[in-house]
Amino acid sequence: MRKKIVAGNWKMNKTFQEADDLLFEIADELNEKGRGDVDVIVCPPSPYLEMSCDIAAENDFLVGAQNLSQWESGAYTGEISAAMLHSMGVTHCILGHSERRTYFGETDNAIAKKIDLALKNGIIPIYCCGEVLAERQQEKHYDVVRSQVSEALFHLGKEALQQIIVAYEPVWAIGTGVTASPEQAQEMHKFIRSLIADKFGNDIADDLVILYGGSCNAKNAAELFANSDVDGGLIGGAALKAQDFVAIVNSF
Ligand code: PGA
């Protein structure tokens, strides 16, 4: 049985006080509504990770970062290492998000280095992939995702791959209010699973958690999560309201 996961990507939102409030609201909402058998991961901006880990330790969720450095340690001003995150109690890290690829020029090569360092330091990568609108319109979406998945993950051994969570996030659906249809999500998730099966074998592919991300909200989560290859969601905008986020958690 694969794990079910809902992760909230806060991106660059919330002041310190607002973040503190939201963390407690999520904790209270989870205590009240429960989370079933779903693992809940909150990914706040990095200045709030320590506070998040403290609150998470007393409550029922895990904490992920939104990025980590491709370098191990040393003279890299402004960077945050995988070892630092691990030492604070961070368990997961979003890597390869389209906003990092677009605005910070992250290449598959750099993302592969980040994945290696995350794994080396006991952090589970949530690896994001997905095509832009023009690529889908030109029917290149399978090629794009195949290339992203193979460049970032195919150098890994089987044991390492078993740690990975994949998030399929069609870029045209991120923050746009346009969600992939349940059929579009299911067919791409199935395709990603087949890529992993071809490379690493059926058993490992069967256990791979693949999240959907892109305008997933409390209204559409249930029909997305009902698909056999959709194991949960990576939630942006709707993760900024505790009630909406926990409603998504309870959409399975
Ligand atoms: P969104 O963002 O839910 O606001 O579309 C998802 C993401 O970027 O992870």
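This is a predicted model: local features need pLDDT of at least 70, side-chain atom pairs count only at pLDDT 80 or more; totals for chains, interfaces and linings use all residues.
Residues are numbered from 1 along each chain as its sequence is written, and side-chain values use heavy atoms, with hydrogens and water left out. Local features need pLDDT of at least 70 and side-chain atom pairs count only at pLDDT 80 or more, while totals for chains, interfaces and linings use all residues.

The ligand has 13 residues around it, and Lys11, His97, Glu169, Gly175 and Ser215 come nearest; a residue is taken as near if one of its heavy atoms lies within 4 Å. By class, this shell holds four nonpolar, seven polar and two charged residues. Here Ala, Val, Leu, Ile, Met, Phe, Trp, Tyr, Cys and Pro count as nonpolar, Asp, Glu, Lys and Arg as charged, and the others, Gly among them, as polar.

A polar side-chain atom of lysine 11 is 2.7 Å from a ligand oxygen. For histidine 97, a side-chain N or O atom lies 2.7 Å from an oxygen atom of the ligand. Glycine 237 uses a backbone N or O atom, 2.9 Å from a ligand oxygen. Taken alone, the ligand exposes 290 Å², and the protein buries 95% of that; accessible areas come from the Shrake-Rupley method with a 1.4 Å probe, and for residues only the protein chains shown count as cover.

Next come the pockets. They are found on a 1 Å grid over the protein atoms alone: a pocket is an open set of points where a 1.4 Å probe fits, with protein on both sides within 12 Å along at least five of seven lines, and lining residues have an atom within 4 Å of a point. Grid points are joined across faces, edges and corners, and a volume is the space filled by probe spheres set on the points.

The largest pocket holds about 560 Å³ of space. It is lined by 23 residues, of which Lys11, Met12, Gln66, Asn67 and Arg100 are the closest to its centre. Helix 4 (residues 98-103) gives the most to this lining, with three residues; helices (H or I, at least four residues) and strands (E, at least two) are DSSP runs, numbered from the N terminus. The lining divides into 12 nonpolar, seven polar and four charged residues.

The second largest pocket holds about 280 Å³. Among its 18 lining residues, Lys3, Gln162, Gln163, Ile165 and Val209 are the closest to the centre. Strand 2 (38-43) and helix 10 (202-207) each supply at least two residues of the lining.

Helix 10 also contains alanine 205, which counts as buried because its relative accessibility is 2%, where buried means under 20%, exposed over 50% and partly exposed in between (1.4 Å probe, protein chains only).

Asparagine 227 sits in the loop between helix 11 (221-225) and strand 8 (232-235). This asparagine 227 is buried at 17% relative accessible area. Its side chain reaches the backbone oxygen of glutamate 223 at 3.1 Å and has a polar atom 2.9 Å from the backbone oxygen of leucine 224.

Serine 251 is in the segment after helix 12 (242-249) and is buried, at 12% relative accessibility. A polar atom of its side chain lies 2.8 Å from the backbone oxygen of alanine 247.

Technical notes. A polar contact is a pair of N or O atoms within 3.5 Å; within protein, one must be able to donate a hydrogen and the other to accept it, and residues adjacent in sequence count only if both atoms are side-chain atoms.
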